[in-house]
Amino acid sequence: MNQSQNGAEAPYIRIANISRQYGQVRALHDLSIDIDKHEFIAILGPSGSGKSTLLRLIAGLDRPTAGRIFFDGVDVTDLPPHKRGIGMVFQEFLLFPHRTVRENLAFPLRMTNQPPQMILERLDWAEAILSLNGLMDRYPNQLSGGQQQRVALGRGLVTHPTLLLLDEPLANLDRELRNEMEVEIRRYQKQLGIPFVYVTHNQEEALSMSDRVAVINGGKLEALGERQLIYDHPPTPFVARFVGKSTRFDGAFDAASKKVDLQRYNYSFPYEEVAERKGNARVEVFVKNERFELLPSRSGSAGIPCTVADVVLRGPFVEYILETEADERIIAVQPKREEPLALGTKLSLSWNPSQCHVFPAGR
Ligand SMILES: Nc1ncnc2c1ncn2[C@@H]1O[C@H](COP(=O)(O)OP(=O)(O)OP(=O)(O)O)[C@@H](O)[C@H]1O
C-alpha cells in the first residue's frame with residue numbers, strides 16, 4: 001500500500017472529484033468515491049445517471065473533464081486501459097463463438113503476449129476457481145447461460161487484475177439464474193480479495209451482492225454507504241424512492257405537537273423532528289411496502305382505512321393491493337400466513353413511525 005502525500009495510507013482506489021461533460025451534457029459531476037481492497041461496491045442509478053460513464057473513466061476508456069483517479073496511491077488518470085491492470089465483464093459477454101472455453105479464457109493473456117507456461121497456469125487457475133472442469137474444450141453454444149457467464153467472468157479475471165469492473169453482466173439471464181449468479185459472483189469477490197465495482201440499475205442486485213452501494217442520480221453521488229444503512233436509512237427522497245419498494249405520502253409536520261399529519265387520509269403519527277425544515281412544514285413520507293401494519297378495521301386503532309382489492313402470492317410473501325377511501329392504491333407486503341386475507345376485507349393501515357422516512361417537501 002502506497003502512502004499519500006500527508007503520510008496516511010492511500011485508499012486502494014480513489015476517485016477524486018471526477019466530472020465528465022459531453023458538450024452540454026453533464027454526465028458526471030464532482031464525484032468522489034474511495035474503494036477498499038476487499039470491497040464489493042455497487043454503482044446503482046437509473047438509466048442515464050452516469051454509471052457507464054464512471055466505469056469507462058475508471059477503466060481508462062474515456063478521460064474525465066476534471067478530477068483524478070488513483071490506484072494504490074498512483075495517479076492513473078492519464079494511463080491507457082491496458083496499463084491499468086483492470087478486468088472487465090460486460091452485459092453482452094460476447095464470448096468468441098468459434099473458440100473453445102480454453103481459447104476464450106486464454107485470449108486476454110495472448111493479447112498481451114504472456115509466456116505459454118504462465119497461460120497454462122492461469123487456465124488451470126480459472127478452471128478450478130470457476131468450476132469449469134470438463135467444459136474447457138466446449139464451444140460457447142454448448143454451455144448453459146450460467147456457464148457462459150462464468151467463462152466471461154474468467155476472461156475478466158485471468159489477467160489477475162487490480163480490480164474487476166462489471167457492467168450489468170446478469171441483465172440477459174433469467175431471474176433464477178441471476179439469483180444463483182449473484183451468490184457466486186459475491187463468493188468469487190470474497191475469495192479473490194480484489195474490489196469488484198458492479199454497475200446496475202437493479203436495486204435488488206445491488207443489495208444482494210455488494211458491501212457498499214453508491215447511488216448516482218443525474219451524474220451526482222446521491223448516497224454512499226453500507227447496503228443495510230442505505231436501505232434502512234435512505235438519506236434523500238431519491239434514495240428512499242429508488243432503493244427498496246416504498247409508498248410515498250404528502251404530509252405536514254407540526255413542530256409544536258411533533259406530529260406528521262397526512263391530511264388526505266385523516267391520519268397523523270408522532271414524529272420528533274424533520275431535518276432541514278427551512279420553515280417549510282410540508283413533508284414527504286416514505287414507508288417501505290413491507291413495513292406497513294395491517295389491522296382489522298373494527299379494532300378501533302388509528303390508521304388509513306382501506307380495502308383489499310387484490311392479493312398477489314409471491315412465494316413466502318403476500319402482496320396486498322389496497323384501495324383507500326381517497327381512491328388510491330397502496331401495496332403492502334406481508335409474510336405469508338396460513339390463509340391470505342380475502343378480497344374486500346376492510347383494514348386499517350399504519351406503521352411504526354421509527355420505520356418511515358420523512359423529508360421536507362420539494363427537496
Ligand atoms: N459519448 C457521449 N456523448 C454525449 N452524451 C453522452 C455520451 N455518453 C453518455 N452520454 C450522456 O451522459 C449521460 C450518462 O450516460 P451513461 O451511459 O453513463 O448512463 P448510464 O447510467 O450508464 O445509463 P444506462 O443505465 O442506460 O446505461 C446520459 O445523459 C447520456 O446520454
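## Orientation of H2 and H3

Helix H2 (residues 101-111) and helix H3 (residues 116-129) have axes that come within 10 Å and cross at roughly 130°. H2 and H3 are therefore oblique to each other. Angles under 35 degrees count as roughly parallel, over 145 as roughly antiparallel, 65 to 115 as roughly perpendicular, and the rest as oblique. Axes are lines fitted to C-alpha atoms, for helices over the stretch in contact, with angles from 0 to 180 degrees between N-to-C directions. Helices are DSSP runs (H or I, at least four residues), and strands are runs of E (at least two), numbered from the N terminus.

This is a predicted model; local features need pLDDT of at least 70, side-chain atom pairs count only at pLDDT 80 or more, and totals for chains, interfaces and linings use all residues. Residues are numbered from 1 along each chain as its sequence is written.

## The contact

H2 contributes Arg102, Leu105, Ala106, Leu109 and Arg110; H3 contributes Ile119, Arg122, Leu123 and Ala126. Residues are in contact if their C-beta atoms, placed from the backbone, lie within 7 Å.

## Burial in H2

Val101, Asn104, Leu105, Ala106 and Pro108 of H2 are buried (20 or more other C-beta atoms within 10 Å of the residue's own, placed from the backbone). The buried residues of H2 pack against H3 and helix H4 (145-157). Just after H2, Asn113 takes a positive phi of about 55°.

## Confidence

Mean pLDDT (the predictor's confidence in each residue, from 0 to 100) is 89 for the chain, and 94% of its residues reach 70 or more. The model scores ipTM 0.96 and pTM 0.88.

Conventions
Two residues are in contact if their C-beta atoms, placed from the backbone, lie within 7 Å. A residue is buried if 20 or more other C-beta atoms lie within 10 Å of its own, exposed if 12 or fewer, and partly exposed in between; C-beta atoms are placed from the backbone.
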